Amino acid sequence: MTSLVRGAVDNLANSRGRSTQHLLIGLGVTATAVLGSAIIARLNAPTPDNPKVRAAYDRLDKPAMQPPPKAFAVIWPPLFLALTVSGLRIWNAPRSPARTQALTLWGVVQALNAMWMALGPRRLGGQLATAITTLGTAAAYVWRARQIDPPAARMVAPYVGWIGFANVLTEELWRKNAAKPTLH
């Protein structure tokens with residue numbers, strides 16, 4: 001039974017031949033990075049428990065294509081899970097300069113996710129610049145990850161698509177609200 005479980009984990013995490021310690025460290029690093037990004041997003045989300053942020057977002061003119069708020073709660077968890085597993089698969093790949101570059105890009109994507117959300121509705125220009133940077137960095141990560149571990153790259157492709165759509169939403173928010181006085 002133990003070997004069956006380990007085989008399933010190895011297949012999912014690309015960890016065949018890696019020690020359990022290496023696997024657990026990688027899981028800790030990737031899950032902590034994605035969780036940190038998710039927590040920052042949650043702390044800056046326009047939800048009822050964040051009344052100031054919600055009020056600022058409520059004052060914005062929103063694009064007609066904006067999904068309902070509940071859609072974000074459904075979409076983000078699987079994307080964050082895919083980012084975690086993808087990063088773990090790259091972590092478990094053989095050491096190489098390409099692996100180091102992919103892990104660096106992956107880490108930058110996590111930091112940019114956090115920055116994008118931390119900027120909030122008061123800094124739409126900063127959000128737009130971060131959104132564009134996130135999309136480019138995520139695409140670069142997919143390109144580099146594909147050279148190391150194609151399944152890791154495929155896992156993140158839906159995230160890149162969502163970030164592309166989020167870029168359009170962010171640009172529209174910025175365009176529709178740029179002339180407004182600073183939101184407080």
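What share of the contacts in the chain with a separation of 6 or more comes from residues 24 or more positions apart? The answer is 75%. Keep in mind as you look around that this is a predicted model.

**Stop 1: the whole chain.** Show everything as a cartoon and colour by secondary structure. You will find 7 helices and 0 strands, so labelled by the DSSP runs used here. Starting from the N terminus, the order reads α-α-α-α-α-α-α.

**Stop 2: the surface.** Of the 184 residues, 42% count as buried.

**Stop 3: the charges.** Next, select Lys and Arg in one colour, Asp and Glu in another. The chain carries 20 positive side chains and 7 negative ones, and the centres of these two sets are 6 Å apart.

**Stop 4: Leu169.** Select helix α7, residues 150–177, and pick out Leu169 within it. Is Leu169 buried or exposed? Leu169 counts as buried because its relative accessibility is 5%, and the cut-off for buried is under 20%.

**Stop 5: the partners of Leu169.** Show the side chains around Leu169. Beyond its neighbours within four places in sequence, Leu169 contacts Pro63, Met65, Gln66, Pro67 and Phe72. Finish by drawing a distance from Leu169 to Pro67: these two are 102 residues apart along the chain, yet their C-alpha atoms are separated by 9.4 Å.

How values were computed
Residues are numbered from 1 along each chain as its sequence is written. This is a predicted model: local features need pLDDT of at least 70, side-chain atom pairs count only at pLDDT 80 or more; totals for chains, interfaces and linings use all residues. Side-chain values use heavy atoms; hydrogens and water are left out. Helices (H or I, at least four residues) and strands (E, at least two) are DSSP runs, numbered from the N terminus. Buried means under 20% relative accessible area, exposed over 50%, partly exposed in between (1.4 Å probe, protein chains only). Contact means heavy atoms within 4.5 Å. Lys and Arg count as positive and Asp and Glu as negative; His and the chain ends are not counted. The place of a charge is taken as NZ of Lys, CZ of Arg, CG of Asp or CD of Glu.
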